[in-house]
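Morning, everyone. Let me put the fold on the screen, and then I'll walk you through it.

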Amino acid sequence: MAPSGLACMMRTAFRHEAFLYADADEFLAGTVPFLRDGLEAEEPALVAVGRSRAKALRGELGRDGKLVRFIDMEALGRNPARIIPFWHEFVEDDGDGRNHPRRGIGEPVWPGRGPAEVDECQRHESLLNYAFWDGPAWRLLCPYDSAGLGDEVLAAAHESHACVSGSAADPDEAAGEDLDPLSCRPFAGVLPRRPADAAAIGFDRSGLHEARTFVGGAARRAGLSSDRTFDLVAAIGELTANSVMHGGGSGVLSLWVEADAMLVEVEDAGRIEAPLTGRLRPAPAQEGGRGVWMANQLCDLVQIRSGRQGTTVRLHMKLTDRA
């Protein structure tokens, strides 16, 4: 069953739809009509999916594929926090001056993503409703591989989208038609405990250089490339400076290696309340507000949990370079 906007009852010009597919044929059966309808209405279209899905879509669209912009989601979305700024730029781009509604296809969750990545993707999907609820009219279709993803992941898709369609969808289920986009809490909860043997140091204003040196040395010993070590140290420099300026003047830095990644965590007494922190591109003349943004641009994954107990930011860097 192809996606239909008729079931989307969320009271906003933004229509956030999930499409469940079981195989490549079902993927095309749902996404190609969605794109062709948009092209017929002269709506700019952008597709952010994996390379194999993009290739299949281009083949099915034929000449019309030249009218659609494609982005590799496996590169863009390896850190899900980078996706919303990308969609913001797409929606706000009015190059032709005609202010058309737009439509996109985005698949941030795919089989093979680790638990931490999936968790952040789910938070991202809920945050999309907040990011665009009062913006211009556009549609975003999010395909979900129902054969390759677990039941919990599919259940979360029902909760974060205004409507759900596809062969695996329950036609009697209301999905998220009563979504309250202002109720999203992207920083709620707690992270899994770090290992008991994780290395840790405290820092304050006088210890910022020591914190960067601590991370740089550990990254090199873990086998992180020089470029990625530089990126990680730069991100830690931003976060520890944030802790000193906005998190009570001091913090604790911990690090450890887990599977194929190095993880570095910064804890302080501050609290992050703005849901889109780190997901809005700083203005050129803006003073401050760049720390979390820079961490998101430099690291493979950034997890933030913040509340009355303070704030924890956990950075993930793969030990092998990724495109």
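This is a predicted model: local features need pLDDT of at least 70, side-chain atom pairs count only at pLDDT 80 or more; totals for chains, interfaces and linings use all residues.

Residues are numbered from 1 along each chain as its sequence is written, and side-chain values use heavy atoms, with hydrogens and water left out.

Sheet first. 6 strands form an open sheet, ordered β3-β2-β4-β5-β1-β6, with parallel pairing. Strands here are DSSP runs of E, at least two residues; helices are runs of H or I, at least four; both are numbered from the N terminus. Two strands pair if DSSP finds at least two bridges between them. At the edges sit β3 (68–72) and β6 (163–166), each pairing on one side only.

Now β2, residues 45–49. 5 bridges join β2 to β3, and the two run parallel. Val49 has Asp72 in β3 as its bridge partner.

On to the helices. Which strands does α2 lie across? Helix α2 (residues 51–61) lies across β1 (14–21), β2, β3 and β5 (138–145). Its angle to β3 is about 165°. Angles run from 0 to 180 degrees between N-to-C directions, with axes fitted to C-alpha atoms, for helices over the stretch in contact. Contact means heavy atoms within 4.5 Å.

Last, α1, residues 24–40. The axes of α1 and α2 come within 10 Å and cross at roughly 60°. Among the contact residues are Phe27 and Leu28 of α1, and Ala56 and Leu57 of α2.
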